[in-house]
Amino acid sequence: MSALLEIAGLTAHYGDFQALFGVDLTLEEGATVAIIGANGAGKTTLMRAVTGVARVSAGSVTLAGEPITRLAAPGILTRGIAMVPEGRRLFPSLTVEENLLIGAHARRGNGFWTLERVQALFPILKERRHSPGTALSGGQQQMVAIGRALMSNPRVLLCDELSLGLAPVVIKEIYAAFPQIKDSGTAIIVVEQDIGQALRVADHVHCMMEGRITLSGRPAELSRDAIHDAYFGVSHA
Amino acid sequence: MMLIDTLAQGLLLGGLYALFAAGLSLVFGIMRLVNLAHGDLIILGAYLILTLATVTGLHPFVAVVLAAPLMFGLGWLLQTHLLNRVLGEDILPPLLVTFGLSVVIQNGLLSAFTADSRKLTAGPIEAASVDLGIVTLGVMPVLTFASAVAVVFALNRLFYRTALGRAFRATSDDQTTAQLMGIEPKRIFAMATGIALVVATIAALFLGTRANFDPSIGPARLLYAFEAVIIGGLGSLWGTLAGGIVIGMAQAVGASINPEWQILSGHIAFVIVLLLKPRGLFPRAND
């Protein structure tokens, strides 16, 4: 069985600095994968490399059998990978509703996610639809960013640091929407520093450190100690 | 009575300046590109209308309909083949390239059409006027002003009510994130420059029917356009219309005191606005 998204030997540089060292990762249809790791582990670079924002120096990314490694960001979006970028990155000149609609800019044909369905998923976005996107609270902005990505009806949704800078109660509210997103058939990769949240939402967890995946497994199979060690890079040996 | 007449004439003249400026304002608002060849592109548009009118025998008002799509195509090609290559963090390369383009257009027009002054002839409508009791207004200046309002209105609708306008604003806000939405900034920029040159063609029609033109007068039109954009506030289209009107009225008032003061008064008004409101009359909130 071939995976929906297959990342093989992915390597990326920022100038002379190597940020990713041959990362391998697969995502099955409808699955949710979490990538955890400390700051600077290469999680965001991995997301940027997959979506065509950061340049890949070696390795490959394949979506449903089609190689997409060298495509630019717009081409990758139209093939079905949407990203909720770190820091949300809403468009300040656009209202909440326009921020959602722009997510469907390159969309062709029909799909499950429509403006109505996204507004039903996060009702506050309907209430505040005429406000400037950046006038909302951090958590509400995150909902706009997720909704905006869903509007393209992606096969794969990448979420980069959803919980960054948000209160625990808000994080919980945002992750409460995930079962519905999974039910729509979208496969998800979440990048998280919040390990507890990542373990709750994912079928499979990868821990990254210094540009490499150092630990992988199902949440139930991974011991607290193993995760702790992989996350902080300490060894009991 | 004299003053009202002067202000009315100035208002209408402001419409022409707003037409010069609207394309410049649009392009600056979307890609932060200051196009130093904008004035010369307007003059190029005037020669294009003149050529089409001469060759086909059509009235300039009809010839402009043929010229507009050609100018759109020129704008598209200009952006995709030249300007997109120099846009980036550094604002100097696009300035140099558009400055060079200005020189190329002027010299190209000079070899093709000589330095002789030309004019678009619109027929009896040029001398027609309407008597409103208090003031008598020329039909052409009224048409010019009405076109300016219509152009600014249409551009605003495009900007705030259409999917293309949404993509314009998103790209202007954040190019990287716009690409994550499937937007290709270079196509968006090409579209914007194409539209700007359509507006330049409309400006060319009224410029060419109002007075004589020759290949060298572009830079002076650019200066008025610049002042209108800056008085109005960078990126605000209604502001650009207001900016054109401020310059037009200042020039008319100056000229009524002493004809030699016309041009100077416009520039003085520009300096005064800049001193009082450095970001213009209607600055964009998030700049």
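Predicted model: local features only at pLDDT ≥ 70, side-chain atom pairs only at ≥ 80, totals over all residues.

Me: Okay, which hand does the crossing of H1(B) and H10(B) have?
Reply: H1 covers residues 2–31 of chain B and H10 covers residues 237–257 of chain B. Going by the clockwise rule, the way H1(B) passes H10(B) is right-handed.

Me: How many charged residues are in the contact of H1(B) with H10(B)?
Reply: Let's go class by class. There are 15 nonpolar residues in this contact and 12 polar ones. For charged residues, the count is none: no charged.

Me: How are H5(B) and H10(B) oriented, roughly parallel or roughly antiparallel?
Reply: These two pack at an angle of about 165°, with their axes 9 Å apart. The cut-off for roughly antiparallel is over 145 degrees. That is why H5(B) is, relative to H10(B), roughly antiparallel.

Me: Which residues of H10(B) make that contact with H5(B)?
Reply: The crossing here is right-handed. On the H5(B) side you'll find B:Ala148, B:Val149, B:Val152, B:Leu155 and B:Asn156. Sorted by class, the contact has seven nonpolar, three polar and no charged residues. The H10(B) side consists of B:Leu237, B:Trp238, B:Thr240, B:Leu241 and B:Gly244.

Me: Which residues of H5(B) are buried?
Reply: H5 runs over residues 139–161 of chain B, and its 23 residues reach 32 Å from first C-alpha to last, close to the 33 Å expected. Its buried residues are covered by parts of chain B that include H1, strand E2, H6, H8 and H10. A handy rule for looking at such a list is that an α-helix has 3.6 residues a turn, so residues three or four places apart point the same way. The buried ones in H5(B) are B:Pro141, B:Thr144, B:Phe145, B:Ala148, B:Val151, B:Val152, B:Leu155 and B:Phe159.

Me: How many charged residues does the contact of H9(B) with H10(B) have?
Reply: This crossing is right-handed. Residues from H9(B) in the contact include B:Tyr224 and B:Glu227, while those from H10(B) include B:Gly239 and B:Val246. By class there are eight nonpolar and five polar residues, and the charged count is one.

Me: Which helix of chain A gives the largest share of the side that touches chain B?
Reply: In all, 20 residues of chain A are in contact with 17 of chain B. On the chain A side, 12 are nonpolar, six polar and two charged. Helices H2 (73–79) and H3 (96–102) each supply at least two residues. The largest share, four residues, comes from H2(A).

Me: Is A:Arg88 buried or exposed?
Reply: A:Arg88 sits in the loop between strand E6 and H3 of chain A. Its phi is positive, about 70°, although it is not a glycine. A residue needs 20 or more other C-beta atoms within 10 Å to pass the cut-off. A:Arg88 has 25, so it is buried.

Me: And A:Ala64, how does that one count?
Reply: A:Ala64 also has a positive phi, about 50°, without being a glycine. You'll find it in the loop between strands E4 and E5 of chain A. Because it has 15 C-beta neighbours inside 10 Å, A:Ala64 counts as partly exposed.

Me: Last one: how far apart are the C-alpha atoms of A:Leu27 and A:Ile189?
Reply: A:Leu27 belongs to strand E2 of chain A, and with 22 C-beta neighbours inside 10 Å it counts as buried. Its contacts beyond four places in sequence include A:Val33, A:Val156 and A:Ile189. A:Leu27 and A:Ile189 are 162 residues apart along the chain, yet their C-alpha atoms are separated by 8.0 Å.

Note on methods: Residues numbered from 1 in each chain as written. Chains lettered and ligands numbered in written order. Axes fitted to C-alpha atoms, helices over the stretch in contact; angles between N-to-C directions. Nonpolar A, V, L, I, M, F, W, Y, C, P; charged D, E, K, R; others polar. Expected span 1.5 Å × (residues − 1). Buried ≥ 20, exposed ≤ 12 C-beta atoms within 10 Å, placed from the backbone. Contact = placed C-beta atoms within 7 Å. Parallel < 35°, antiparallel > 145°, perpendicular 65-115°, else oblique.
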